[in-house]
Amino acid sequence: AQRDQEEADWEAGAFDRAMDKLRQDRNRKLAETDFYALSDVTMSEDMTTYRQNLRDITNGLSTVEDVNNVTWPTKP
C-alpha cells in the first residue's frame, strides 16, 4: 500500500517536474541572448519577438504531453 501511494504521488508530480524542466531550458535560452538586452546594444525586432516567445512558452500548458510537445521558437 505504501509503494502504491509513492507511485501515485510520483505520477501526480509529473506535470510539475515537466514544467520545471521546461522553465530551466527556457531560462537557459533566454540567458544565451541576455546580452542583446544591454543598453549599448540595439536588439532587433526578430530577437525581441524570439525572447517574448520564449517567455510565453509556458502559457496554456496543462498536461505533461503539452509540455513534452512544445515547439521552441527559432533563434534569429
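The structure you are looking at is a predicted model. The protein contains four helices and zero strands, and along the sequence the pattern reads α-α-α-α. Of its 76 residues, 24% count as buried.

**Overall form**

- The C-alpha trace spans about 60 × 20 × 15 Å along the principal axes of the protein.
- What radius of gyration does the protein have, and what would a compact globule of 76 residues have? The protein has 17 Å, whereas the globule would have a value near 11 Å.

**Helix α2**

- Helix α2 covers residues 14-32, which makes 19 residues.
- Which residues of α2 are buried? They are Ala14, Ala18, Met19, Leu22, Asp25, Arg26 and Leu30.
- If you look down the axis of α2, these buried residues fall within an arc of 140°, so they line one face of the helix.

- Threonine 33 sits in the loop between α2 and α3. Is threonine 33 buried or exposed? Its relative accessible area is 0%, and buried means under 20%, so threonine 33 is buried.
- Aspartate 34 belongs to the loop between α2 and α3 (45-55). With 38% relative accessibility, which lies between the 20% and 50% cut-offs, aspartate 34 counts as partly exposed.
- Arginine 51 is part of helix α3 and counts as buried because its relative accessibility is 9%.
- The side chain of arginine 51 makes a polar contact of 2.7 Å with the side chain of threonine 33. Another polar contact, of 3.2 Å, joins the side chains of arginine 51 and aspartate 34.
- Arginine 51 and alanine 31 are 20 residues apart in sequence, and their C-alpha atoms are 9.9 Å apart in space.
- For aspartate 34 and aspartate 46, the separation is 12 residues along the chain and 14 Å between C-alpha atoms.

**Rings and a charge**

- How many aromatic pairs does the count come to? The count comes to one.
- Lysine 29 lies over the face of tryptophan 72, at 5.0 Å from the ring centre.

**Further along the chain**

- Isoleucine 57 is placed in the loop between α3 and α4. At 9% relative accessibility, isoleucine 57 falls under the 20% cut-off and so counts as buried.
- Threonine 74 lies in the segment after α4 (64-68). Its relative accessibility is 69%, which is over 50%, so threonine 74 counts as exposed.
- Threonine 74 and threonine 63 are 11 residues apart in sequence, with 23 Å between their C-alpha atoms.

How values were computed
Residues numbered from 1 in each chain as written. Predicted model: local features only at pLDDT ≥ 70, side-chain atom pairs only at ≥ 80, totals over all residues. Heavy atoms only, no water. Helix = DSSP H or I, 4+ residues; strand = E, 2+ residues; numbered from the N terminus. Expected span 1.5 Å × (residues − 1). Buried < 20%, exposed > 50% of the residue type's maximum accessible area, 1.4 Å probe, protein only. Arc of directions from axis to C-beta. Polar contact = N/O pair within 3.5 Å; in protein donor to acceptor, adjacent residues only side chain to side chain. Phe/Tyr/Trp six-rings, centres within 6.5 Å; stacked < 30°, edge-to-face > 60°. Lys NZ or Arg CZ within 6 Å of the ring centre and 35° of its normal. Rg over C-alpha atoms; globule rule 2.2 N^0.38 Å.
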